Amino acid sequence: MGDREEKEEGRRRVVFVTVGTTRFDALVSAVDSENVRKVLAAKGYTHLLIQLGRGSYLPSKSDGDDGSLAVDYFTFSSSIADYLRSASLVISHAGSGSIFETLRLCKPLVVVVNEDLMDNHQSELAEELAERKHLYCARPQNLYQTLADMDLNTLLPYTPGDATPVAKHINRFLGFPDD
Amino acid sequence: MDKGNGCSFSAVTSTAIISSVIFVITLILVRVLFVIYCSSRPMSRRAKKPVSTLIILGSGGHTAEMLDLLAVLQKDRFYPRFYIAAATDNMSLQKAELLENSLAAENGTPITNAGKFMKIYRSREVGQSYITSIWTTLVAMVHALWLMIKIRPEVILCNGPGTCIPICAIAFVFKVLGIRWSSIFYVESIARVRRLSLSGLLLYKLRIADQLFVQWPRLQQQYPRAIYVGRLM
């Protein structure tokens with residue numbers, strides 16, 4: 001059996017990279033770099049799928065026939081939920097939507113903060129969640145090191161939040177009876 | 001003597017004008033302080049009927065969080081519902097419309113009664129220079145005034161986008177002038193862990209929001225009048 005058939009039949013472990021609606025060429029080129037591809041392949045991942053968003057850097061596609069990572073990309077999708085669901089690892093920009101959509105699906109997540117953004121409040125959320133061990137947080141330049149050193153077994157599942165406390169406060173404030 | 005009488009007459013008039021102006025300004029100040037004081041306390045009467053509600057939507061994550069909140073609010077209490085989104089934001093109104101239509105379908109009410117949707121000009125686009133923002137904010141204020149005169153909501157829900165500032169400012173003025181008392185609820189975004197957003201900061205410092213909710217404990221330590229409610233998502 002060729003490597004390709006083995007990958008398709010056997011364990012297909014996809015790394016899904018998403019930048020949401022933004023452009024984040026630094027992340028895409030970091031993921032496209034040889035040592036990141038190597039470390040992902042070494043960790044048992046078979047496919048790398050990159051959602052480019054508005055970025056202009058195009059990674060090099062690969063069939064992965066020679067035992068290396070199979071690489072593919074696309075720009076946008078109306079819903080990345082399916083891609084997240086079928087991923088074994090997600091590498092995402094620091095947008096809160098991407099982060100929580102991934103955490104809700106209980107997928108291992110590495111968040112990469114875009115340092116080119118002005119007023120980078122996004123990093124606050126990523127760093128806080130990393131401190132609480134719900135994900136790993138990196139910058140494009142240390143993505144390789146983070147991936148090499150990470151131990152996904154130490155990640156803690158994220159308990160989904162609840163909007164009812166806010167609703168309670170609002171109702172009480174307005175004088176509506178408690179349910 | 002004529003000159004003397006002329007001088008004393010204009011002196012009296014200008015004193016009268018100055019006194020009146022000071023008097024009016026003092027009245028307004030007292031009224032503003034009174035409004036701020038009342039806004040910070042829960043409504044004294046029990047609510048007996050539904051409250052008209054304006055929901056201000058922002059792009060992306062903001063809309064997702066607002067929809068999370070709307071999901072747990074009793075729809076028969078917050079009615080009728082008006083949605084405003086920035087003119088350049090197409091997705092948010094669509095999502096809200098989907099929510100309202102599915103609610104209408106559940107209850108069997110006609111879809112035309114499900115929520116009302118409006119667009120408003122943005123005060124400022126992301127990355128726009130602060131100088132041109134002054135003009136666009138003025139345009140946004142006029143447009144907001146027009147919309148607020150039409151809607152005059154009793155409750156305003158917002159969670160971050162700059163679109164909420166002109167509307168909340170006008171709601172505050174309406175409160176002071178006695179045109180409409182709106183209770184303004186602001187939920188700071190889940191992405192704000194250590195610092196409030198500009199909108200949140202303005203509404204907090206100027207005491208325009210009746211209640212300001214934060215999702216991370218550090219913010220409540222920094223801003224004691226904020227209410228910590230944990231994560232919504």
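Buried means under 20% relative accessible area, exposed over 50%, and partly exposed in between, with a 1.4 Å probe and protein chains only. Colleagues, the structure above is a predicted model, in which local features need pLDDT of at least 70, side-chain atom pairs count only at pLDDT 80 or more, and totals for chains, interfaces and linings use all residues. Residues are numbered from 1 along each chain as its sequence is written, chains are lettered from A in the order in which they are written, and side-chain values use heavy atoms, with hydrogens and water left out.

I begin with helix α3 of chain B, residues 90-107; helices here are DSSP runs of H or I with at least four residues, numbered from the N terminus. Its 18 residues reach 26 Å from first C-alpha to last, close to the 26 Å expected at 1.5 Å a residue, the expected span being 1.5 Å times one less than the number of residues. Ser92(B), Leu93(B), Ala96(B), Glu100(B), Leu103(B) and Ala104(B) are buried. Seen down the axis of α3(B), these buried residues fall within an arc of 100°, so they line one face of the helix; the arc is taken over directions from the helix axis to the C-beta atoms. The face turned away from that side carries the exposed Met91(B), Leu98(B), Ala105(B) and Glu106(B).

I turn to the cysteines. The structure holds zero disulfides over all chains, a disulfide being a pair of cysteine sulfur atoms within 2.5 Å. For Cys137(A), the nearest cysteine sulfur, that of Cys106(A), is 20 Å away. The sulfur of Cys38(B) lies 18 Å from the closest one, in Cys168(B), too far for a bond. Cys38(B) counts as partly exposed, at 28% relative accessibility.

Terms used:
Helix = DSSP H or I, 4+ residues; strand = E, 2+ residues; numbered from the N terminus.
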